[in-house]
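User: Please take a close look at the helix packing in this model. Which helices meet, and through what residues?

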Amino acid sequence: MNTYLKNLQKIEFAVTYACTGRCKHCSEGDHTSHGERIDPQAASDAVRKIATEYSIKTVMTFGGEPLLYPDAVYAIMNEAVRMNIPKRQLITNGYFSRDPEKISETVKLISECGVNDLLLSADAFHQETIPLDTVKVFALEVKRHAVPIRIQPAWLVSISDDNSFNKKAREILEDFKDMGISANEGNIVFPEGNAKKYLSEYFSDTFPVDPYKEDPLDVRCISFSPDGSVLDGNIYRCDIMDIIKNYSP
């Protein structure tokens with residue numbers, strides 16, 4: 001076993017960087033790679049191989065907007081269930097279609113594939129370009145199918161700061177609270193990508209801690225890009241276990 005990954009507990013997949021939102025706070029920037037997505041079979045194979053060798057506690061799918069390519073989410077989560085991985089998370093902005101029938105069908109499959117922790121990104125930034133009414137339709141459908149759901153808001157500067165973005169986020173969270181959907185603490189916007197471009201006035205010389213930064217000497221989570229890249233390799237060109245075996249910071 002590679003000693004740099006001896007504590008590996010989590011696998012996450014950026015299913016795609018394509019997105020239905022154009023958020024000012026997005027660390028990925030303007031989402032120029034619209035057509036690229038993770039291959040469902042390659043992703044599920046990676047889950048199986050890693051979970052065979054490591055005690056994986058969590059599998060996560062996110063984006064961009066992962067439900068633009070739901071077949072990848074289904075494949076990954078179905079494999080996570082088969083491998084007895086306890087936490088199966090999906091982060092979504094809830095806006096991948098305006099069609100109520102398609103929304104219902106997608107949520108049904110989310111439920112059946114084993115997602116048991118759905119984090120819905122809703123706040124002032126997402127709702128500048130994403131219609132809240134459609135997101136609420138999605139959220140109510142998720143509740144109807146008994147998939148655990150929480151709101152994952154993004155806060156600017158801090159949770160307690162009283163800037164206009166945070167004020168609007170609190171109003172949106174109250175709407176969801178009235179629907180019986182609570183929020184977790186969310187995350188503080190980190191100055192990368194669009195956030196650095198559009199929100200620089202809110203950041204001082206002392207930046208917040210990057211919540212996504214991994215210690216390269218003690219990797220506890222490995223993250224796959226839509227093009228198959230992971231660690232310093234690519235699962236379309238090399239077996240994931242060889243990539244893990246050969247990883248060196």
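Analyst: H2 and H3 pack with their axes 8 Å apart, at an angle of about 20 degrees. An angle under 35 degrees counts as roughly parallel, so H2 is roughly parallel to H3. This is a predicted model. From H2, the contact takes Val73, Tyr74, Met77, Asn78 and Val81. H3 answers with Thr106, Leu109, Ile110, Glu112 and Cys113. By class, the contact of H2 with H3 has seven nonpolar residues, two polar and one charged.

H2 also packs on H1. Helix H1 spans residues 40-53 and helix H2 residues 70-82. Their axes lie 8 Å apart, and the angle is about 20 degrees. H1 and H2 are therefore roughly parallel to each other. Their crossing is right-handed. H1 brings Pro40, Ala43, Ser44, Val47 and Arg48 to the contact. H2 brings Asp71, Ala72, Ala75, Ile76, Glu79 and Ala80. The residues of this contact divide into seven nonpolar, one polar and three charged.

H3, in turn, packs on H4. Helix H3 covers residues 100-113, and helix H4 covers residues 132-144. Their axes come within 9 Å and cross at roughly 40 degrees. Roughly parallel would need an angle under 35 degrees. H3 and H4 are therefore oblique to each other. The crossing of H3 past H4 is right-handed. On the H3 side stand Ile103, Ser104, Val107 and Ile110. On the H4 side they meet Thr134, Val137, Phe138, Glu141, Val142 and Arg144. Six residues of the contact of H3 with H4 are nonpolar, two are polar and two are charged. Ile110 of H3 takes part in the contact with H4 and also in the contact with H2.

The elements that give two or more residues to the lining are strands: S1 (10-16), S2 (58-63), S3 (87-92), S7 (187-188) and S8 (221-224). By class, the lining has 22 nonpolar, 16 polar and 11 charged residues.

Notes: Residues numbered from 1 in each chain as written. Predicted model: local features only at pLDDT ≥ 70, side-chain atom pairs only at ≥ 80, totals over all residues. Heavy atoms only, no water. Axes fitted to C-alpha atoms, helices over the stretch in contact; angles between N-to-C directions. Helix = DSSP H or I, 4+ residues; strand = E, 2+ residues; numbered from the N terminus. Parallel < 35°, antiparallel > 145°, perpendicular 65-115°, else oblique. Left-handed = near helix turned anticlockwise from the far one by under 90°. Contact = heavy atoms within 4.5 Å. Nonpolar A, V, L, I, M, F, W, Y, C, P; charged D, E, K, R; others polar.
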